[in-house]
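Colleague: I'm new to this one. Could you walk me through how to read it?

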Amino acid sequence: MKKIIIAIDGFSSCGKSTMAKDLAKEIGYTYIDSGAMYRAVALYCMRHHLLPDGRIDEENLRAALPAIHISFVFNPETGKPDTYLNGVNVEKEIRGMEVANLVSPVAALGFVRKTLVEKQQEMGKAKGIVMDGRDIGTVVFPAAELKIFVTASPEVRAKRRMDELIAKGEPASYEEALENIVKRDYIDSNREESPLRQAEDALVLDNSSMSIAEQKAWLLAQYDNVVKA
Ligand code: CDP
């Protein structure tokens, strides 16, 4: 069977990573969470005093970028790759609210995007990958054979994000989750560098009232359409 690249883009907390991970597992592909890479850079800024007065110290971040190594190691317990920052597992830290509040401004910086996009393109060279993010179908892999654009109402997404944090034993409020989602949607859609937008040839999936099983069946059908064409 031919190997393809599957690009899954969309708004925050649409369940992109769950669906991308499940699809990859089902078809024996590698799953890559591009958002985790931006989150790891945000965490690096927090830990290396690159946020004087709450602003991002762009000059020092630019100088530090070559020393920021991000990798993924599959975790059989969760069935997902864990994110490593300079050899240390930071999967838990990058999912917290503090990183969520910083990641979109960090991801709006052109020099950060350029570096991470190059890494992502390298990871996709051999094909056989499912990558999720904001610009995968438009910028990272414009020639991806299958592009999905996922959306759901902000209220549904805030509820999902809150449930996810609570399930991990982290404190979370619906209002805080909703505020973070609306704010990130705005920054992601309005930034100058590769804003979040639907690729012209992407298939739209509004999963506001879809179950995980329905969504999975839909995705598999789209995959079959492409590989069997
Ligand atoms: O999981 P969630 O939808 O909350 O977000 P994520 O995929 O972990 O991405 C976190 C943030 O990274 C997004 O809000 C974007 O600001 C940024 N991002 C991006 O700019 N480009 C990507 N390809 C992936 C994420």
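Colleague: What covers the buried residues of α9?

Modeller: Keep in mind that this is a predicted model. Here, contact means heavy atoms within 4.5 Å. By that reading, the cover over the buried residues of α9 includes the strands β1 (5–10), β7 (146–151) and β8 (203–206), along with the helix α1 (16–27).

Colleague: Which residues in α9 are buried?

Modeller: Buried means under 20% relative accessible area. In α9 that goes for Q215, L219, Q222, Y223, V226 and V227. Look down the axis of α9 and these buried residues sit within an arc of 125 degrees, so they line one face of the helix. Turned away from that buried side is a face with the exposed residues A213 and N225.

Colleague: What should the 16 residues of α9 span?

Modeller: Count 1.5 Å a residue and helix α9 (residues 212–227) should span 22 Å; its end C-alpha atoms are 22 Å apart, which agrees.

Colleague: Now the sheet. In what order do the 3 strands come?

Modeller: The order is β3-β4-β5, an open sheet with antiparallel pairing. β3 (70–75) and β5 (88–89) are at the edges with a single partner strand each, so one side of each has no neighbour in the sheet. Strand β4 (residues 80–85) is joined to β5 by 2 bridges, and L85 is opposite V88 in β5.

Colleague: And A107, is that buried or exposed?

Modeller: A107 has 7% relative accessibility, so A107 counts as buried. A107 belongs to helix α4 (residues 97–107). Leaving out residues up to four places away in sequence, A107 touches Y38, R113 and R191.

Conventions
Residues numbered from 1 in each chain as written. Predicted model: local features only at pLDDT ≥ 70, side-chain atom pairs only at ≥ 80, totals over all residues. Heavy atoms only, no water. Helix = DSSP H or I, 4+ residues; strand = E, 2+ residues; numbered from the N terminus. Expected span 1.5 Å × (residues − 1). Buried < 20%, exposed > 50% of the residue type's maximum accessible area, 1.4 Å probe, protein only. Arc of directions from axis to C-beta. Pairing = 2+ DSSP bridges.
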